[in-house]
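Welcome! Take a moment to look at the sequence and the 3D view before reading on.

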Amino acid sequence: MRLKPQQTGYVAAKIGIDLANAPFITMPKGKEAVVVACKKIIDENLAKEHALDEKVKKILDENYDEIEFQHADERQLFFMIKKKMAAEHGVIMNYDDRYNDLAHLILDELYENYLAEYDVNENQVKNVIFKAFKAFADAYDEIDDIVYDKIKGMQKEVIPGSQDYELLYERFYQEELSKRGML
């Protein structure tokens with residue numbers, strides 16, 4: 001699952017909660033400091049991917065006439081170009097590998113800034129972080145469907161893409177995350 005910018009805070013909160021609940025981890029500066037550090041790293045990672053996306057879009061725009069002439073599938077071309085350029089821009093395309101890399105970066109940040117202390121193998125701590133990413137990704141589709149059904153089932157029709165829709169979606173999404181202990 002590809003993270004959206006508005007979801008990074010949720011993932012960071014999930015990581016903070018899971019680390020706080022781990023019996024072998026203490027957070028000298030508190031959970032909020034951990035969440036802030038996690039969100040910063042995740043946001044930086046997303047910014048790299050966004051920059052790559054923009055470069056790929058520029059390439060497609062520059063070659064628009066040829067793409068149209070060849071009747072090529074723009075979405076497929078986008079993905080192929082992005083995949084080819086990903087490594088040189090520091091973007092990992094496989095999500096499990098990406099979550100693992102982010103878990104390492106977060107663990108390093110927490111350790112270097114005295115945000116987390118532990119007396120176990122660092123892989124155990126990294127696994128807590130990785131599992132938080134996976135739990136969020138696994139729950140995302142299910143939560144998205146639940147929220148969509150709630151909005152669809154309302155008496156008043158709400159148009160997808162409208163401001164009302166986005167506000168309702170965000171509220172219901174947060175409720176579902178809270179129910180699952182992810183906020």
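**The overall picture**

Please keep in mind that this is a predicted model. The protein holds 7 helices and 2 strands, and along the sequence these follow the pattern α-β-α-α-α-α-β-α-α. Taken along the principal axes, its C-alpha atoms fill a box of roughly 60 × 50 × 20 Å. Of the 183 residues, 38% are buried. Among contacts with a separation of 6 or more, 70% join residues 24 or more positions apart.

How do H2 and H5 pack, and at what angle? Helix H2 (residues 31-62) meets helix H5 (residues 95-112) at an angle of about 135°, and their axes lie 10 Å apart. Angles over 145 degrees would count as roughly antiparallel and those from 65 to 115 as roughly perpendicular, so H2 and H5 are oblique to each other. Their crossing is right-handed. The residues that make the contact are listed here.

| Helix | Residues in the contact |
|---|---|
| H2 | Val34, Ala37, Cys38, Lys40, Ile41, Ile42, Asn45, Leu46, Glu49 |
| H5 | Arg98, Leu102, Leu105, Ile106, Glu109, Leu110 |

Sorted by class, this contact of H2 with H5 has 10 nonpolar, 1 polar and 4 charged residues.

**The nonpolar cores**

Now look inside. The largest nonpolar core has 45 residues, and those touching the most other members are Ile15, Leu19, Ile106, Leu110, Ile129, Phe133 and Tyr173. Two or more residues come from each of helix H1 (8-21), H2, H5, helix H6 (122-152) and helix H7 (163-179). H6 gives the most to this core, with 13 residues.

Which residues does Ile15 touch, leaving aside those up to four places away in sequence? Its partners are Cys38, Ile42, Ile106, Ile129, Ala132 and Phe133.

**A residue on the outside**

To finish, find Gln163, which is in helix H7. Is Gln163 buried or exposed? Gln163 has a relative accessibility of 64% and therefore counts as exposed, since the cut-off for exposed is over 50%. Between Gln163 and Val91 there are 72 residues of separation in sequence and 32 Å in space, C-alpha to C-alpha.

Methods:
Residues numbered from 1 in each chain as written. Predicted model: local features only at pLDDT ≥ 70, side-chain atom pairs only at ≥ 80, totals over all residues. Heavy atoms only, no water. Axes fitted to C-alpha atoms, helices over the stretch in contact; angles between N-to-C directions. Helix = DSSP H or I, 4+ residues; strand = E, 2+ residues; numbered from the N terminus. Parallel < 35°, antiparallel > 145°, perpendicular 65-115°, else oblique. Left-handed = near helix turned anticlockwise from the far one by under 90°. Contact = heavy atoms within 4.5 Å. Nonpolar A, V, L, I, M, F, W, Y, C, P; charged D, E, K, R; others polar. Core = buried A, V, L, I, M, F, W, Y, C linked by side-chain atoms within 4.5 Å. Buried < 20%, exposed > 50% of the residue type's maximum accessible area, 1.4 Å probe, protein only.
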